[in-house]
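Hi,

Here is the structure I said I would pass on. Have a look at it first, and then read on for what turned up when I went through it.

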Amino acid sequence: MKVFCGRANPTTGSVEWLEEDEHYDYHQEIARSSYADMLHDKDRNIKYYQGIRAAVSRVKDRGQKALVLDIGTGTGLLSMMAVTAGADFCYAIEVFKPMADAAVKIVEKNGFGDKIKIINKHSTEVTVGPDGDMPCRANILITELFDTELIGEGALPSYEHAHRHLVQENCEAVPHRATVYAQLVESRRMWSWTKLFPVRVQTSHGEQVIVPPLELERCPGAPSVYDIQLNQVSPTDFTALSDVMPMFSVDFSKQVSSSAACHSRHFEPLASGRAQVVLSWWDIEMDPEGKIKCTMAPFWAHSDPEELQWRDHWMQCVYFLPQEEPVVQGLSLCLVAHHDDYCVWYSLQRTSPEKNGRVSPARPVCDCQAHLLWNRPRFGEINDQGRTDQYVQALRTVLKPDSVCLCVSDGSLLSLLAHHLGAEQVFTVESSAASHRLMKKIFKANHLEDKINIIEKRPESLTSADLEGKKVSLLLGEPFFATSLLPWHNLYFWYVRTAVDQHLGPGAVVLPQVASLHAVVVEFRDLWRIRSPCGDCEGFDVHIMDDMIKRALDFRESKEAEPHPLWEYPCRRLSEPQQILTFDFRHPVPLHPLRAEGSIELRRPGRSHGAVLWMEYHLTPDSTVSTGLLKPAEDKGDCCWNPHCKQAVYFFTTPDCRTPRGSPRAVSYTVEFHPHTGDVTMDFTLSDTVEDGC
């Protein structure tokens, strides 16, 4: 059966109705899930197995039957561990139907069909009683309901309900306890992900400074946590102002509350500075004694950095204080962790909330518009003074005293740069209400509300009246659009350029002039795991899960690239970077497809996990901005990626063939840009395989 799905095309800007298979959402959910990553997380699996064995033994030692409730069973792995450890019966709950169906098959294939019952419901809908899903309450509770923030997937409400309705009082729980840790730091780099810094522009009349509006400076920021691979942040990028502190713990073997709460911790700053950011992570103890522990601690806080387990389904958290606070070494302060049923946030206070009687701060909510329009990497990009200088340098070469500029990018400061560099008149198009309000605030803070004209409409709808009857001599774009996910989605700028062609004067300049799509073949240190089949996991056959993911990927995702911020995922390049396609913004979008076929020679030994693609924007013949590789690879091929952008990764379906030294191989490719839809389709194939290397 087919269904019609509406979609906003990020490249063309149009709304399209597409005919999709009725199970498309299921396929997409499975293809983009973290199931493979979790199954490859050996540290997690081993610790759960050890904890489950210990819990079953404790129940058996009391002369009781071991009845297990497994909430969020996924593949059924933890339930199979429990039965293998001696559990008498398991009730495994999985709300996602395709996953529940797969779990039934996996459990049957491994011979546990008579000991494990898969219940396809949300745990809060499960009933207990003679006619219920479970005949009686369980005495062992096993769950894996955690995200990077610990509670963001609804762990607290689920535990709260389970203790009230599904498990016995004083049941065994695996994990037994979770503890959240925090460290207060000063970091200009991380602070640049949430605040707008002054932007300096060198002009013929001296230095001009673009200042942020007061509202933006006072805004507490976006309410969501920023989860990243903190191990990829250099220790030189922050100064620790406190030791690592345990902020609060949750005992999962007892009644859990999902009510809002706060937990304070007194500390003396290790150094004087400006408190800006809280780095946070958690660990789970699988047993009451705390001997079996699984930790998310970054390398500098890990008890054994050599045993650090890479994982992507659980990372570390970056929280931003509402305002930066000066701290003095040795002068006692209080860090407060607040949480509701799904979110955590932090505040810094002089005394604990219990003593000062202050009302607990509400969850931070953006009231300045900027955090609604710009995500954290976008803040970092705007605050990158070197990048700004590059645009300033390019603008100097094309601006004239009589230039009429039209800027097209979401919430961009290009219009301010053009004004300060001497353009006669500047128009900027802001198609969303949020970007329109934000830019008005920025213009007002810089006394430019009467100097730059804001047009609130989609650029395709521009009229001559919007431009006061003038012809545009300089069309500007970074380009950046908030709806873009993949690098080539910002080709929307090309479609805008085509739509406003009638408003361009003779000899009008477009900046950037040209864009190009580039690719390089890489070997990932760890990211390959998210797409690698597991086969056998701790002695259990999970091939059915591998096949399910493969079918979901083959439905569409295996033929597409996916966005990843590769500064967080180290990789080595096995080839030289290669230009694949060019897009000439000086001319309208062509009517016919742009197609490139060729091959990329592999020059370094290693496993070819995939191709990374990115865009480069040629502002002028002498100035290029890259959204991907920033500098030539080192001798070992280690890649340095633009930290403000996501690159596109096309994972190869046969990534395990090794390229032996001295045995050149190649990757053949076909990449096509479809002007009608704005899509970029691609296919990469490993060729000239050396059999001995696989």
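Let's start with H15, whose buried residues are Tyr492, Phe493, Trp494, Tyr495, Val496 and Arg497. Bear in mind throughout that this is a predicted model. Helix H15 spans residues 492-499, and six of its eight residues are buried, so the helix is largely enclosed by the rest of the structure. What sits over those buried residues? The cover includes strands S20 (404-408), S23 (472-476) and S24 (504-511), and strands S30 (578-584), S31 (594-602) and S37 (665-674) contribute as well.

**The parallel sheet**

How many of its six residues are buried? Six of the six are, so S6 is largely enclosed by the rest of the structure. S3 and S6 run parallel and are joined by four bridges, with Ile71 standing opposite Thr143 in S6. S6 (residues 138-143) also pairs with S7, again in the parallel sense and over four bridges. In that pairing, Leu141 has Ala173 of S7 as its bridge partner, while Ile142 stands opposite Val174 in S7.

**H3 against H4**

H4 has a helical neighbour too. Helix H3 (residues 42-61) packs with H4 at an angle of about 40 degrees, and their axes are 9 Å apart. That angle makes H3 oblique to H4, and H3 passes H4 in a right-handed crossing. If you want to display the contact, select Arg44, Asn45, Tyr48, Tyr49, Ile52 and Val56 in H3, then Leu77, Leu78, Met81, Ala82 and Thr84 in H4.

**The antiparallel sheet**

There is also an open sheet of three strands, in the order S14-S18-S19, with antiparallel pairing. Strand S14 (261-267) and strand S19 (344-349) are at the edges and have a single partner strand each, so one side of each is left without a neighbour in the sheet.

S18 (residues 333-339) and S19 run antiparallel and are joined by six bridges. A hairpin of four residues leads from S18 to S19. Along the pair, Val336 stands opposite Ser347 in S19, and His339 has Val344 as its bridge partner.

So is S19, an edge strand, buried or exposed? Six of its six residues are buried, so S19 is largely enclosed by the rest of the structure. Both of its faces are covered: Val344, Tyr346 and Leu348 are buried on one side, and Trp345, Ser347 and Gln349 are buried on the other. As background, side chains in a regular strand alternate between the two faces of the sheet.

Last, the nonpolar interior. In soluble globular proteins, nonpolar side chains tend to be buried together. Which residues touch the most other members of the largest nonpolar core here? Among its 116 residues, they are Leu69, Phe146 and Tyr346. Strand S15 (residues 273-285) supplies the largest share of this core, seven residues.

Leaving aside residues up to four places away in sequence, Leu69 touches Tyr91, Ile93, Met134, Ala138, Ile140, Leu141, Ile142, Leu166 and Val167. Apart from this core lies another one, made of 51 residues, including Phe427, Ala515, Leu517 and Ile600.

That is everything I have for now.

Cheers

Definitions and conventions:
Residues are numbered from 1 along each chain as its sequence is written. This is a predicted model: local features need pLDDT of at least 70, side-chain atom pairs count only at pLDDT 80 or more; totals for chains, interfaces and linings use all residues. Side-chain values use heavy atoms; hydrogens and water are left out. Two strands pair if DSSP finds at least two bridges between them. Helices (H or I, at least four residues) and strands (E, at least two) are DSSP runs, numbered from the N terminus. A nonpolar core is a set of buried Ala, Val, Leu, Ile, Met, Phe, Trp, Tyr and Cys residues joined through side-chain atoms within 4.5 Å. Buried means under 20% relative accessible area, exposed over 50%, partly exposed in between (1.4 Å probe, protein chains only). Contact means heavy atoms within 4.5 Å. Axes are lines fitted to C-alpha atoms, for helices over the stretch in contact, and angles run from 0 to 180 degrees between N-to-C directions. Angles under 35 degrees count as roughly parallel, over 145 as roughly antiparallel, 65 to 115 as roughly perpendicular and the rest as oblique. A crossing is left-handed if the near helix is turned anticlockwise from the far one by less than a right angle, and right-handed if clockwise.
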